[in-house]
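Please look at the chain shown below before reading on. The report that follows takes up a sheet, the helices beside it and some charged pairs.

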Amino acid sequence: MKHKIIEKKVSPELWNRPIPICPEEIPHLGKEDYEQRLERLWNMPQAKDLETIIVYGDREHYSNIEYFTSYDPRWEESLLLLPKGGKPSILVGNEGIGYVPKVPLDIDVVLYQTLSLMGQPNDKSSALADIFREKISWQGGKVGIIGFKAYDRSKHTLEGIVTDLPYYMVETLCQIVPKDALVNATGLMADCEYGLKHHLSAKEIVIFEAAGTRVSRGILNCLRTMKPGMTEVEAGMQCQFTGSPGNMHPNINFGEKNVALGLNSPTEWTHLEYGSPAGVGYGLRGSLVHKCGMYIRDKADLPEDRAGYVDEFAVPYFENVVSWYEMMKIGTSCGDIYDMVDRELGLEAWGCTLNPGHLTHTDEWTNSPIYRGSNIPVRSGMAFQCDYTVTKKEPFMSAHMEDGLVIADGELRDAVAQLSPSCWERILNRREFIRGELGIKLPEEVLPLSDLSCVFFPYMADTSIVLACE
């Protein structure tokens with residue numbers, strides 16, 4: 001092991017006297033911000049051959065339309081049409097028409113009722129082909145479609161574009177534009193190297209840090225107030241949900257069956273017991289926090305078949321996450337991070353079926369550069385989730401210590417500190433705790449978004465004890 005891991009009793013000011021969020025310091029994105037995002041889009045070298053960009057969104061895949069407009073589809077699908085050099089248009093349904101005035105841009109709003117829920121009025125809209133003819137610019141070049149995923153062509157036998165845009169929209173587009181003119185342009189948003197959402201501004205960092213602060217404090221409150229006999233729903237009520245829109249559903253899970261599901265919502269009928277697995281997590285746009293382990297007061301609470309949980313399972317996992325954070329330096333190859341996790345922990349042996357970490361934005365998982373053979377470097381402006389669950393099946397054991405972080409060079413750090421002094425003070429306090437109390441050599445460019453960053457509770461029924469490096 002690179003590090004000697006110990007159990008440590010802590011009572012940090014970070015938790016007991018937290019620095020409050022100052023709402024007046026959280027920036028509000030206005031017309032100029034969204035205009036700048038559109039300008040950045042069209043100035044990208046990867047967009048130079050595109051004459052129109054079409055952005056799709058729905059209730060689950062809201063992020064790309066929201067990025068350019070502040071409008072996030074809530075009940076219905078939506079389309080954003082961006083002709084190069086022309087006026088943008090947004091297509092919304094019956095319930096979106098009252099919500100779309102929140103868009104601060106100069107934009108044409110088109111009521112297209114087919115986007116509405118079934119059974120609602122559909123008697124005031126033009127045909128989609130007619131809307132496309134009026135709003136789409138095409139002079140023989142390419143039309144880019146931004147859905148929510150790019151696709152590996154080798155996994156498909158389709159000719160032409162592979163896109164998650166609804167079938168009827170693609171077929172209608174092909175009445176206006178030849179199919180071979182359509183290209184999947186989702187990389188403009190989510191490519192790990194050039195995607196817009198992976199180059200955060202100071203404003204975005206401050207907004208995401210406020211989200212991470214609220215989430216982590218809610219998770220800590222939940223962990224501190226959990227008691228045997230409590231249901232998952234009762235525990236969830238202690239997470240201090242604010243009503244802000246989330247980037248995932250809450251995961252408050254007790255017992256082997258529910259924790260093993262990984263993504264289960266809290267139930268009314270599952271009760272917390274000493275000696276059982278437990279997981280608590282949820283996310284707001286820009287940050288997610290999840291802690292999973294065993295609900296025990298000490299090793300005496302462990303079932304006999306899980307007696308080695310702390311020393312043989314939790315400690316090696318925590319030690320590996322420490323190495324993960326210490327490698328998060330500008331210029332580090334993400335492939336090297338992957339190799340370290342696989343070499344020193346073992347992804348398959350430890351049940352890690354996904355990437356050991358990924359990028360994030362207002363949508364919880366945008367993409368991941370951390371994969372075998374990746375040459376993508378860690379870069380200033382990237383927002384990561386330290387997110388890789390370890391699981392053993394026989395007997396079932398699971399551990400997870402997920403939190404958000406941003407990579408920021410000196411210039412970006414200075415901009416964050418100037419924009420929101422309280423945000424910067426919280427970040428500095430977290431760094432001090434991580435380096436001083438936890439003994440982790442956190443790189444200067446890592447900005448922890450959560451009060452629980454790098455924290456693992458070996459005994460989830462006793463939040464005064466954490467794992468640390470000696």
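## The sheet

In which sense do strands β4 and β5 pair, and over how many bridges? In this predicted model, strand β4, residues 89-92, pairs with β5 in the parallel sense, and the pairing extends over 4 bridges. One of the positions involved is I90, whose bridge partner in β5 is V109.

These two strands belong to an open sheet of 6 strands, which follow one another in the order β5-β4-β3-β2-β6-β7 with mixed pairing. Because β5 (108-111) and β7 (182-184) stand at the edges and have a single partner strand each, one side of each is left without a neighbour in the sheet. On average, and ignoring direction, neighbouring strands of this sheet are turned by 20° against each other.

## Helices on the sheet

Helix α2, residues 31-43, packs on the sheet, where it touches β2 (50-57) and β3 (78-83), and its direction makes about 130° with that of β2. Helix α4, residues 128-135, lies across β3, β4 and β5 and runs at about 30° to β3.

## Salt bridges

The count of salt bridges comes to 29. In one of them, R37 is joined to E204, with the closest N and O atoms 3.0 Å apart. This pair links distant parts of the chain, since R37 is in helix α2 and E204 in helix α7 (residues 202-225), 167 residues apart. R37 is buried, with a relative accessible area of 9%, and E204 is buried as well, at 4%.

D72 forms a salt bridge with R74, the closest N and O atoms being 3.2 Å apart; here D72 is buried, with a relative accessible area of 3%, whereas R74 counts as partly exposed at 41%. Elsewhere, K87, D106, D108, E134 and K135 are linked in a network of salt bridges.

Methods:
Residues numbered from 1 in each chain as written. Predicted model: local features only at pLDDT ≥ 70, side-chain atom pairs only at ≥ 80, totals over all residues. Heavy atoms only, no water. Pairing = 2+ DSSP bridges. Axes fitted to C-alpha atoms, helices over the stretch in contact; angles between N-to-C directions. Contact = heavy atoms within 4.5 Å. Salt bridge = Lys/Arg side-chain N within 4 Å of Asp/Glu carboxyl O. Buried < 20%, exposed > 50% of the residue type's maximum accessible area, 1.4 Å probe, protein only.
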